[in-house]
Each structure stands twice: as structure tokens, then as C-alpha cells.
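Q: Could you take me through this structure feature by feature, giving the general idea before the particular case?

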Amino acid sequence: MKMYDRTSGVLIGKDKISARIKQLAAEISRDYEGKDLLLVGVLKGGWMYMADLVRELTIDCDVDFMMVSSYGSGTESSGEVKVLKDLSCDCRGRNVLIVEDIIDSGVTLSKLRDAIAARQAQSVEITALLSKPSRRKTQVEVKYVGFEIPDKFVVGYGMDFAEKLRGLPEVCVLKEEEYKK
């Protein structure tokens, strides 16, 4: 079975994603010019967005990753956030920009932001490629948002369903029969 066979279509195409990331990178570069910036990519879903974003920035920055989970193998957030891989660098006194693939309930990002702020970061902001405002359980301020999307289960561009379909170069909608089995 080919990857696209498991989707009901492309929600956001490659060219649109690329153009929006260029815009976001320009904003971030302007806002953090002359500042010590640490990008914290949230694994696994955020790696593709992070890689493309870093290539478009016109400022230098450091990069680190965290892996957190609130989903397990399901399609709904459990609300419990587990740190599976922590930062390898100190963020004390630094400007931290969390790079996330998608904000759904807001629970994971809210807890992650608070945990990094507690490490005495100078500032903690969030960028997310996708946002589903209709699913918010916890309000979380996101400074740089790529796209607001409807309440659909999306895959591709780093995002998965049960660890599959990350390699799709666009954001696609997963067919309901895939996760309602």
C-alpha cells in the first residue's frame, strides 16, 4: 500500500508550506537579531519543520531537541506529558523558541513551556507549523503559527499515525477508517 492511499487528500501542499516557513523565518530572524537564540525542536513530529525553518533563518542559533509524549499510540492526547529525551544544553539566560509540529489540546506545549521557563530561560516562545484552535483544552500563546487547520487527523511533513506516514512531503488528512479500526 502506498502512503497516499491511507489519506483522503492533501490539506497543505509543499509549495504553500515552503512559502509560509520563509515568512515565519523572516519574522523570527528580525525578532531575534543580535540575541542568543536556542531552538528546541520537539521530537518526533517537529523535526521536518525545524530543519526547514533553520535553513531559512538569516541569524545564527543553537539547536537542541526534546522528546515528549502525550499520545502513546492513540489519536487523542492523554493529558499526561512524559519527557522521553531532555535537552542536552543549558537554557539558563537564553532566548528559547520551541519548535513544534502541531498544537492540538495545548496541554503538552503549555507544560513544556513552563518546564523550560523554570530552568531560568530569559524568554520562552513557541512556533508551530499547525494549530487546531477548536481542540484547545489549555490556552497557550503561540508567537509564530504557520497554519490554522480544522479538526482533522493530519499526517505527513514529520507528523505520524502510529509512527507511519511521516515522510509525506505535504500535510495530508488521514482517512477515518485508518484510526477507527
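A: Let us begin with the sheets: two strands pair if DSSP finds at least two bridges between them, and helices (H or I, at least four residues) and strands (E, at least two) are DSSP runs, numbered from the N terminus. This is a predicted model, in which local features need pLDDT of at least 70 and side-chain atom pairs count only at pLDDT 80 or more, while totals for chains, interfaces and linings use all residues. Residues are numbered from 1 along each chain as its sequence is written, and side-chain values use heavy atoms, with hydrogens and water left out.

Q: In what order do the six strands of the open sheet lie?
A: The order is β4-β3-β2-β5-β6-β7, with mixed pairing. At the edges stand β4 (82-85) and β7 (144-148), each of which pairs on one side only. Neighbouring strands of this sheet are turned by 30° against each other on average, direction ignored, where axes are lines fitted to C-alpha atoms, for helices over the stretch in contact, and angles run from 0 to 180 degrees between N-to-C directions.

Q: How many bridges join β2 to β3, and how many join β2 to β5?
A: β2 and β3 run parallel and are joined by six bridges, with L38 standing opposite D62 in β3. Five bridges join β2 to β5, and these two strands also run parallel; here V40 stands opposite I98, and G41 stands opposite V99.

Q: Which helices pack on this sheet, and which strands do they touch?
A: Contact means heavy atoms within 4.5 Å. By that criterion α2 packs on the sheet and touches β2, β3, β5 and β6, its direction making about 155° with that of β2. Helix α3 (residues 107-117) also packs on the sheet, touching β2, β3, β5 and β6, and its direction makes about 165° with that of β5.

Q: How is the handedness of a β-α-β unit read, and what is it for β2, α2 and β3?
A: A crossover is right-handed if, with the strands pointing away from the viewer, the path from the first strand over the helix to the second runs clockwise. β2, α2 and β3 make a right-handed unit of this kind.

Q: Why is β2 described as largely enclosed, and which residues of α2 are buried?
A: Buried means under 20% relative accessible area, exposed over 50%, and partly exposed in between (1.4 Å probe, protein chains only). Six of the seven residues of β2 are buried, so this strand is largely enclosed by the rest of the structure. In helix α2 (residues 47-56), the buried residues are M48, Y49, M50 and L53. The buried residues of α2 pack against α1 (14-31), β2 (37-43), β3 (62-69), β5 (95-103) and β6 (123-131).

Q: Where does L130 lie, and what is it in contact with?
A: L130 belongs to strand β6 and counts as buried because its relative accessibility is 0%. Leaving aside neighbours within four places in sequence, L130 has contacts that include I12, D101, I102, F147, V154 and V171.

Q: What kind of aromatic pair do F153 and F161 form?
A: Rings of Phe, Tyr and Trp (its six-membered ring) pair if their centres lie within 6.5 Å, and planes under 30 degrees apart count as stacked, over 60 as edge-to-face and the rest as tilted. The structure holds one aromatic pair: F153 and F161 are edge-to-face, 5.7 Å centre to centre with 90° between the planes. Both F153 and F161 are buried.

Q: Which backbone feature is found between L43 and K44, and where is phi positive in residues other than glycine?
A: A cis peptide bond joins L43 and K44, with omega about 5°, and K44 is found in the loop between β2 and α2. Phi of Y157 is positive, near 50°, and that of E163 is positive at about 70°. Y157 counts as buried at 4% relative accessibility, whereas E163, with a relative accessible area of 47%, is partly exposed.
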